[in-house]
Amino acid sequence: MTTTQTTLFSEIENVIKGLNPATISEERKIVLQPLADFIQSKVATQQKISINFICTHNSRRSHLSQVWAQTIASYFNIKNVFCYSGGTEATALFPMVAKTLKGAGFKIKTIAETNNPIYSIKYGENAHPIIGFSKKLDDDFNPTSEFAAIMTCSQADGGCPFIAGAEKRIPITFEDPKAFDNTPEQAEKYKERSLQIATELFYVFSQVNL
């Protein structure tokens with residue numbers, strides 16, 4: 001049986017085609033390489049690739065990373081990639097994150113309106129939607145073993161020296177766009193961080209030899 005590549009929504013595909021990995025510094029590429037190596041090792045042995053992006057509140061950077069990683073894996077037609085996110089505590093997916101992703105072409109639907117809303121996030125017509133909501137890193141929704149734990153914020157990285165069940169723990173930290181909440185630069189800075197994360201994950205998955 002042959003597996004066909006998921007067709008991304010055209011707006012998302014255009015965003016991805018516009019990413020420029022040449023803007024990534026050599027120092028930053030060294031930080032990103034362990035994740036590329038983890039993915040490559042799983043591809044080489046035809047194993048499932050589970051990646052859990054972890055931040056303190058699971059509200060901003062970890063969600064952006066989860067969504068872009070899943071989407072870019074599909075763009076490169078890398079199979080059996082399952083991306084998750086979690087926090088050291090659960091809060092809520094920050095609305096500006098959903099708005100930023102929507103601006104990049106993702107189709108987002110609110111499944112449940114609560115203090116911690118649940119979103120369906122689609123990147124392609126026939127793609128399985130990503131279920132976005134804030135949760136602790138060891139939530140039942142997340143894998144319990146054989147996953148790479150990607151620490152997307154320095155606070156979670158410093159506060160969690162050990163992640164139970166993680167096969168690999170890789171710090172890839174990003175500046176928090178929260179610093180610009182309720183300022184005139186908010187939308188611009190969230191978009192900037194989203195595109196940085198997308199660019200760096202594009203670089204990571206582009207390193208994988210199928």
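These legends accompany close-up views of a predicted model. Local features are reported at pLDDT of at least 70 and side-chain atom pairs at pLDDT 80 or more, while totals for chains, interfaces and linings use all residues. Residues are numbered from 1 along each chain as its sequence is written, and side-chain values use heavy atoms, without hydrogens or water.

**View 1. Here is the open sheet, four strands in the order 2-1-6-7 with parallel pairing.** Strand 2 (81–87) and strand 7 (166–171) sit at the edges with a single partner strand each, so one side of each has no neighbour in the sheet. On average, neighbouring strands are turned by 25 degrees against each other, direction ignored. Strands are DSSP runs of E, at least two residues, and helices are runs of H or I, at least four, both numbered from the N terminus; two strands pair if DSSP finds at least two bridges between them.

**View 2. Now look at strand 6 (residues 147–151) beside strand 7, paired in the parallel sense over five bridges.** Methionine 151 stands opposite proline 171 of strand 7.

**View 3. Helix 3 (residues 61–75) lies across strand 1 (49–55) and strand 2.** Helix 3 runs at about 180 degrees to strand 2 (axes are fitted to C-alpha atoms, for helices over the stretch in contact, and angles between N-to-C directions run from 0 to 180 degrees).

**View 4. Phenylalanine 106 is shown with its contacts (heavy atoms within 4.5 Å).** Leaving aside residues up to four places away in sequence, Phe106 touches Ile12, Val67, Trp68, Thr71, Leu101, Ile121, Lys122 and Tyr123.
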